[in-house]
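Colleague: I have a model open and want to learn how to read it. Where do we start?

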Amino acid sequence: MAARMGRMLTSRTLWRGVASILIFLVLWEIGSRSKQWMAPEMFAPLKALLGALGFKKDYLPWIGTVPAPSGVLAAWLEVVGSAGYWQSWYMSFFRVMGGFVAAMLVGIPFGLMLAVSRTANGIFFPTFEVLRPIPPLAWVPASIIFWPTQELSITFVTFLGAFYTIVINVLGGARSIDVRYFQAAQSMGSSGWDIFRRIILPGTLPSIVVGSAVGMGITWEVVVAAEMISGGGSQQAGTGGGLGFFIWNSYVGGSYEQIVVGMISIGIAGYFSSELLRWLGKYVTPWLRVR
Amino acid sequence: MTQVSPAAARPTVQPGEIVVTGVTKSYGAAGRSKDVVRDCTFTIERGKLTVMIGPSGCGKSTLIRLLAGFERPTSGTVQLDGQPVTGPDRDRLVVFQETALFPWMTTYDNILYGPRARGEVTRETLDFAEFLLNKVGLQEFRNKYPLQLSGGMQRRAELARAMINNPRVMVLDEPFRGLDAMTKELMWEYYSRLVEESGRTNFFVTTDIDEAVFLADRLLVMSNIPTQVRAVVEVDLPRPRRLTDMVESDRANEIKREALSILHAEAMRSFARGSKAAADFVEAYLKRANRA
């Protein structure tokens, strides 16, 4: 373990990653401050050039309007102690996990059923394929009407975000299992439940892992948008309603630094969710990490 | 079920005999169907190693699916010891081209797949599994996944996975295809020793004439599509066989020439009918003839 940590600290990949993030932050800071720095007279020709190109003249295009990382850090330090900020984290995480776990619990058996049963496939697949192209966000209004609480409606929309991806991946994965595995298993006297448990299930696991990882990404996209549209459960006064609502609230309140704080928080939350899934994925498919 | 004496790790081998009579297999819709195998008749003799050789794409794999029971013949019968073959069963086990080891199971779990599926895991079976692991030299690789094994090890693991079920006939579909030349030759010696020791009926399909002559007791030379047996060559070379002996043996070369001339004639006939597989075969044959 210690040796592994040591190798990690000396690995070029790690330092490249650190350098990449640092350079990004520095360029961002420079871009944001360009408005102040470009005030002196010597920048007049450059400003004129930018103006001729159609940009506002007193700062670098686009990036000049974005709050600087130093400002964002200051804003983050301000909110990091407040319960509302962590409440937003908690609520978004809760909804993502709720929707995602529900999507796994329903999607994996459903996908497997579509794969193994021709009858089930005939009955359910056409409807599934008609509903699948509907973007989860298009479900927001209907979902608010259908479900008794706002919490449930947001969770339902995040569920949809992951559900279709998981089902399609499970179905595709189960279908692409080499026919020789079935033939070999049958020859050796295996059938029915035994084939399902020892061939189909492990054969589909890699696709389940991939489908879940993609589904998790979509879940984060969906939860934030759903929170923004639905007002994030604003009836719970004073606590805010998820990171999406945190961003929206900051926008309405005119705190641009806080918008970026919210965005980065989502980035970090998404990263940790994916890491967790990757780790779980490796754990359940040990035969793939050998070589 | 046969009784297994508790002391012996190895269950008694009961070699079977497969009789194929007038088998035709066609694919495609009625009226436009195409015969892949037509009126094919041969016997896989009890306790012998029968090798089937024919140009690639000549319908050998179709025949194997019929023997294994994955498919039914359009007409004709396949019988094992007088009983018609109606579906896949552990008494006719297939070792596939490339490898069909389950990638998500370790060597040991792969080998025990059959007994576990049938709920026959007893002390004797576990002893037999150990015996087989030793036999195929994979004792140290029992907890490795197939991806961690070399090509040769994978084939050996697969032989063990088939043998633990003590089938009456083992069917091998170009099992050593894709191995490098050295490994392949090692596998021939290795496999023929296994067959000699077990006395089991083996049916081995290949496109490689050297492999065929080295391994076979009887050689079935096949025609192009639709598949039929063109000739049966008895390979009366002494056992145990070694590669070095085979290279120097006049009798082995004679048999090889005999089989090749039949294959050649067959290819020429198909070539005249414009078969692409035959063109490939003629090219390969001419290369080999020049080398000899």
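**Reading the cores, then the folds**

Modeller: This is a predicted model. Start with the largest nonpolar core, which has 77 residues. Those with the most contacts inside it are B:Val51, B:Ile53, B:Leu67, B:Leu132, B:Ala160, B:Val171 and B:Leu219. Helix H5 of chain B, residues 151-163, supplies the largest share of this core, with 6 residues.

Colleague: What is B:Val51 in contact with, leaving aside neighbours within four places in sequence?

Modeller: Its partners are B:Phe204, B:Thr206, B:Ala212, B:Leu215, B:Ala216 and B:Leu219. A second, separate core has 45 residues, including A:Ala162, A:Phe163, A:Val170 and A:Met216.

Colleague: How many helices and strands are in chain A?

Modeller: Chain A has 12 helices and 0 strands. Of its 291 residues, 32% are buried. Take the contacts in chain A with a separation of 6 or more: 72% of them join residues 24 or more positions apart.

Colleague: Now the sheet. How do I read one?

Modeller: Strands of a sheet pair through backbone hydrogen bonds, either parallel or antiparallel. In chain B, 4 strands form an open sheet in the order E2-E1-E4-E5, with antiparallel pairing. Strands E2 (34-44) and E5 (83-84) of chain B are the edges, each pairing on one side only.

Colleague: How many bridges join E1 to E4 in chain B?

Modeller: 5 bridges join strand E1 (residues 18-27) to strand E4 (residues 75-80) in chain B. For B:Thr21, the bridge partner in E4(B) is B:Thr77. Helix H1 of chain B, residues 60-68, packs on the sheet and touches E1, E2 and E4 of chain B. The direction of helix H1 makes about 120° with that of E1(B).

Terms used:
Residues are numbered from 1 along each chain as its sequence is written. Chains are lettered from A and ligands numbered from 1 in the order in which they are written. This is a predicted model: local features need pLDDT of at least 70, side-chain atom pairs count only at pLDDT 80 or more; totals for chains, interfaces and linings use all residues. A nonpolar core is a set of buried Ala, Val, Leu, Ile, Met, Phe, Trp, Tyr and Cys residues joined through C-beta atoms within 7 Å. A residue is buried if 20 or more other C-beta atoms lie within 10 Å of its own, exposed if 12 or fewer, and partly exposed in between; C-beta atoms are placed from the backbone. Helices (H or I, at least four residues) and strands (E, at least two) are DSSP runs, numbered from the N terminus. Two residues are in contact if their C-beta atoms, placed from the backbone, lie within 7 Å. Two strands pair if DSSP finds at least two bridges between them. Axes are lines fitted to C-alpha atoms, for helices over the stretch in contact, and angles run from 0 to 180 degrees between N-to-C directions.
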